[in-house]
Amino acid sequence: MDNKKTVFSAIQPSGELTLGNYIGALKNLVNLQDDYKCIYALADLHAITVRQDPELLKKRTLELYAIFLGCGIDPKKSLFFIQSHIYTHSELAWLLNCYTQYGELSRMTQFKDKSQKHADNINVGLFCYPTLMAADILLYGTDFVPVGEDQKQHVELTRNIAQRFNGIYGDVLKMPEPMIPEIGARIMSLQDPTKKMSKSDENKNGCILLSDSPDDIVKKFKKAVTDSYSEVKFRGEHTGIDNLISIYSVITGKSVIEIEDEFAGKGYGDFKKCVAEAIIQELTPIQKKAKEYLEDKSYLEECYKDAAKKALEISVKKLSIIKEKIGFII
């Protein structure tokens, strides 16, 4: 285990997960467990940059923990904790704030986007959260961070911060690399393939939720937009059919060429039906397992408390080294 490269990833428990979240992140995280030393977190500290209902945040955090386990995140293989249980994340985030430039944070795309969406609450946490993200990553000597193209900017900032710190104090922080899946990293709306699939989509038919029933999934794929052609063919034009092929490829493990051969001579209707069936087969057992885990609160508590203890042991050692380098009395 110690010889394996370390992967770190965190997801906010701030809403229902979509098929895009599952394909772009969760499914990949499950597949990484045998080949890497995996450290995963529910980023509830990040979630409060936007106002949260306290009871709903607790509920969603537990639900998401159960969903992760239902998807196949194994507490025996991976370290999977709740971020706010590890105080070292917040403490290192403050230290890194002092090695991060104002201009770097002001250029972050997500800060600009969220500032527009939440103009009544442009708080300092929203501005500084990339340094908390950097702390998450750097505390564990992370080698790779699984991200989509839209999150690559955060890994680049983390590298800039680490490089700046190392330039002052020596080789202290490991430089992480982004890990971007070749296909399926960015799943688009079923109704508007120019936009990322999102639970906040005004057109609810554009988004598949992990909690959707089989009937809802079938209906949404039937209504999915395609393109002006008629063949099931990947053209790289960011059309609806390209999006559906990407989804089907990731879920079934079939290559684009295999999919095109499988549906040669068939119409979009047949293809949409098969995509929906593949998604239902994938999500049904996950929904069942997540429900079982959620009903066993004592087991969930045992898992996240045990993980918190182990994560704290690892991160305290790293934080102590960093503080000593800065000049604090340890």
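The second largest pocket is lined by 23 residues, and those nearest its centre are Pro75, Lys76, Lys77, Ser78 and Lys310. A pocket here is an open set of points on a 1 Å grid over the protein atoms alone, where a 1.4 Å probe fits, with protein on both sides within 12 Å along at least five of seven lines; lining residues have an atom within 4 Å of a point. The elements giving two or more residues to this lining are β2 (37–42), α3, β3 (79–82) and α13 (297–326), and α13 gives the most, with seven residues.

The structure is a predicted model, in which local features need pLDDT of at least 70, side-chain atom pairs count only at pLDDT 80 or more, and totals for chains, interfaces and linings use all residues. Residues are numbered from 1 along each chain as its sequence is written, and side-chain values use heavy atoms, without hydrogens and water.

Turning to the largest pocket, its volume is about 1,700 Å³. Its lining holds 50 residues, of which Asn21, Gln110, Asp150, Gln151 and Lys196 are the closest to the centre. Among the elements that give two or more residues to this lining are β1 (6–11), α1 (19–32) and α8 (152–169).

As for the whole chain, 48% of its 330 residues count as buried, meaning under 20% relative accessible area with a 1.4 Å probe and protein chains only. The C-alpha atoms fill a box of roughly 70 × 45 × 45 Å along the principal axes.

Key: Grid points are joined across faces, edges and corners, and a volume is the space filled by probe spheres set on the points. Helices (H or I, at least four residues) and strands (E, at least two) are DSSP runs, numbered from the N terminus. Buried means under 20% relative accessible area, exposed over 50%, partly exposed in between (1.4 Å probe, protein chains only).
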